[in-house]
Amino acid sequence: MHSYVALLRAVNVGGTGKLPMAELRAMCGQAGFADVRTYIASGNVVFRSALAEHAVAAALEGRLAAHAGKPVGVLVRTAAEMAAVLAANPFQDAPGNRVVAIFLDRAPPVDALEHASGRKDEALALGRREIYVHYGEGMAHSRLRIPAAKMGTARNINTIATLAEMASA
């Protein structure tokens with residue numbers, strides 16, 4: 001059995017994609033996942049499964065599409081990968097609530113940061129399958145757009161640390 005973290009896109013953010021976490025846990029249980037736990041109401045779920053990463057994502061995406069009536073993106077990482085994302089944070093000295101990792105299905109293009117627009121005081125860096133962003137003054141007034149991140153989902157470093165800890169337990 002592998003320990004996984006699944007990150008759902010556009011769930012319970014800004015009034016869109018409402019999904020009670022109890023329903024998400026039930027869907028995961030119906031998919032055969034074990035020890036299912038959610039963290040905050042923004043689409044973070046930790047569980048164990050014997051399935052491979054792509055099979056986990058497909059199983060959960062299928063159940064979510066049936067529930068929502070439209071596709072819901074799911075990005076999956078193992079416990080070790082979540083710990084590695086946390087360790088690879090290039091902005092270790094910045095507050096965890098001002099740094100996000102944008103999780104992607106695959107490695108970002110090498111020129112992904114060159115195509116970012118609306119940049120003010122944000123610092124950016126590429127990860128293995130992530131793009132890290134340090135929002136200097138905070139996210140509230142940022143106009144940053146990263147085309148390569150369009151199909152990703154972001155979590156701040158504080159959330160990533162908690163999910164990595166939950167997945168390793």
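Biologist: How many salt bridges does the count come to?

Modeller: This is a predicted model, in which local features need pLDDT of at least 70 and side-chain atom pairs count only at pLDDT 80 or more, while totals for chains, interfaces and linings use all residues. Residues are numbered from 1 along each chain as its sequence is written, and side-chain values use heavy atoms, with hydrogens and water left out. A salt bridge is a side-chain nitrogen of Lys or Arg within 4 Å of a carboxyl oxygen of Asp or Glu, and by this rule the count comes to six.

Biologist: Which residue forms a salt bridge with Arg128, and is that partner buried or exposed?

Modeller: The partner of Arg128 is Glu81, with the closest N and O atoms 3.4 Å apart. Arg128 sits in the loop between E6 and E7, whereas Glu81 belongs to helix H3 (residues 79-87), 47 residues apart; helices (H or I, at least four residues) and strands (E, at least two) are DSSP runs, numbered from the N terminus. Buried means under 20% relative accessible area, exposed over 50% and partly exposed in between, with a 1.4 Å probe and protein chains only. Arg128 is exposed at 58%, but at 17% Glu81 counts as buried.

Biologist: Which residues are linked with Glu81 in a network of salt bridges?

Modeller: Glu81 also forms a salt bridge with Arg129, where the closest N and O atoms are 3.1 Å apart, and both of these residues are buried. The network that holds Glu81 also links Glu53, Arg128 and Arg129.
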